[in-house]
Amino acid sequence: MKNNAQKAARLSVAPMMDWTDRFCRYFHRLLSREALLYTEMVTAPALVRGGALHLLDYDVSEHPVALQLGGSDPAELAEAAVLGADVGYDEINLNCGCPSDRVQSGAFGAILMQSPDLVAECVAAMRAKVSVDVTVKCRIGVDDQEPQEILPRFLEKIQAAGCNRVTIHARKAWLQGLSPKENRDIPPLDYDLVHAMKREFPDLHVSINGGVADLAMTKDLLDAGLDGVMVGRAAYHQPADVLMGADHAVFGVESGLSMEEAVMAMLPFIEAEMAQGARLHQITRHMLGAFAGRPGARQWRRTLSEGAHKDGTGPELVLAALQQVTERAA
């Protein structure tokens with residue numbers, strides 16, 4: 001039975017290019033049974049024109065899991081949404097926040113903040129074709145836009161088109177002059193504006209994204225009246241700090257596995273995936289931060305970083321790395 005994506009959206013792990021692939025999501029799901037997980041952005045043209053349906057692969061254990069699409073052609077996005085819904089994704093999310101160059105050249109991502117009518121058209125086209133939630137992830141604005149003016153107009157348009165959940169990355173995106181990496185840090189965060197949008201749109205499920213470092217901060221933002229919190233890099237680099245206690249702290253249910261138990265649970269998965277042709281480092285690169293801040297963390301990282309690329313290595317390397325942690329803890 002699939003979990004309800006809206007309920008799960010109280011805490012979600014952000015879609016992150018080159019990071020939140022299916023190996024990463026399998027690991028994260030072991031740490032939290034409740035949080036909503038997102039795919040990396042998949043472009044609608046890749047699915048519809050390129051036939052790259054392998055980009056939709058996921059493990060059934062990942063539910064609740066959302067597919068993030070990139071694109072700006074309503075008909076093509078609708079077709080891609082159908083492909084995602086047909087394989088069982090719990091939500092289809094439209095990327096209106098990514099500032100990368102290749103995203104701009106494809107006329108999707110953060111540049112869509114300049115075209116709220118087109119975004120509304122895209123949402124309506126997808127809503128007409130799928131029964132799962134269609135959601136939007138956006139910025140507070142781009143370049144010289146005034147967020148206080150454009151964000152309410154943007155939200156009004158997408159809500160009228162049938163989007164009832166939005167995640168707002170509380171920074172502007174500077175499409176001119178800043179790299180995608182700089183866009184994650186340099187524009188200042190404006191949490192107050194996101195809180196104001198929740199007050200202005202009480203029926204819209206509003207999640208906040210950007211700068212959230214740990215569970216305590218997540219709880220504070222939820223307690224302040226927001227519907228959800230999306231965590232990005234902190235969930236990836238310090239998964240224990242964000243995901244391990246989340247089920248209890250955010251969802252009020254019993255917490256899942258300890259980090260040691262989660263690592264042990266990865267071993268049969270690693271073995272099965274390697275039997276299908278995956279390389280060890282493709283999976284373990286997402287686990288490097290597992291013991292961040294704990295004795296043995298450096299040895300864990302080094303063992304995996306140096307060994308996982310070598311031919312012939314498998315799950316036994318992960319066991320050896322784990323042993324370094326347990327020995328340091330003893």
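1. Ala, Val, Leu, Ile, Met, Phe, Trp, Tyr, Cys and Pro count here as nonpolar, Asp, Glu, Lys and Arg as charged, and the others, Gly among them, as polar.

2. A word on the model. It is predicted: local features need pLDDT of at least 70, side-chain atom pairs count only at pLDDT 80 or more, and totals for chains, interfaces and linings use all residues. Residues are numbered from 1 along each chain as its sequence is written, and side-chain values use heavy atoms, with hydrogens and water left out.

3. The largest pocket has a volume of about 740 Å³. A pocket is found on a 1 Å grid over the protein atoms alone: it is an open set of points where a 1.4 Å probe fits, with protein on both sides within 12 Å along at least five of seven lines. Lining residues have an atom within 4 Å of a point. Grid points are joined across faces, edges and corners, and the volume is the space filled by probe spheres set on the points.

4. Which residues lie nearest the centre of the largest pocket? They are Pro15, Met16, Met17, Arg184 and Arg233, out of 31 lining residues. The elements that give two or more residues to this lining are α5 (101–105), β5 (133–139), β8 (228–231) and α10 (233–237). Helices (H or I, at least four residues) and strands (E, at least two) are DSSP runs, numbered from the N terminus.

5. The UniProt record, an unreviewed entry, marks as "binding site" Pro15, Met16, Met17, Gln68, Lys137, His169, Asn209, Gly210, Gly211, Gly232 and Arg233. UniProt positions follow the numbering used here, feature names are shortened, and annotations may be inferred rather than shown by experiment. The lining of the largest pocket takes in Pro15, Met16, Met17, Gln68, Lys137, His169, Asn209, Gly210, Gly211, Gly232 and Arg233 from this set.

6. Two of these annotated residues deserve a look. Met17 sits in the loop between β1 (11–13) and α2. Its relative accessibility is 31%, so Met17 counts as partly exposed. Gln68 belongs to strand β3 (residues 65–70). Gln68 is buried, at 3% relative accessible area. (Buried means under 20%, exposed over 50%, partly exposed in between, with a 1.4 Å probe and protein chains only.) Beyond its neighbours within four places in sequence, Gln68 is in contact (heavy atoms within 4.5 Å) with residues including Pro15, Glu40 and Lys137.

7. The second largest pocket holds about 350 Å³ of space. Of its 15 lining residues, Asp21, Arg22, Glu40, His54 and Leu55 lie nearest the centre. Both α2 and β2 (36–43) supply at least two residues of this lining. β2 gives the most, with 5 residues. By class, the lining has 7 nonpolar, 3 polar and 5 charged residues.

8. There are 5 aromatic pairs. Rings of Phe, Tyr and Trp (its six-membered ring) pair if their centres lie within 6.5 Å; planes under 30 degrees apart count as stacked, over 60 as edge-to-face and the rest as tilted. Tyr26 and Phe269 have ring centres 3.7 Å apart and planes at 10°, so they are stacked. This pair links distant parts of the chain, with Tyr26 in helix α2 (residues 22–31) and Phe269 in helix α13 (residues 259–275), 243 residues apart. Tyr26 and Phe269 are buried. Phe23, Tyr26 and Phe269 form one aromatic cluster.

9. Phe291 and Trp300 make an edge-to-face pair, because their centres are 4.9 Å apart and their planes lie at 80°. Phe291 is buried, at 0% relative accessible area. Trp300 is buried at 0% relative accessibility.
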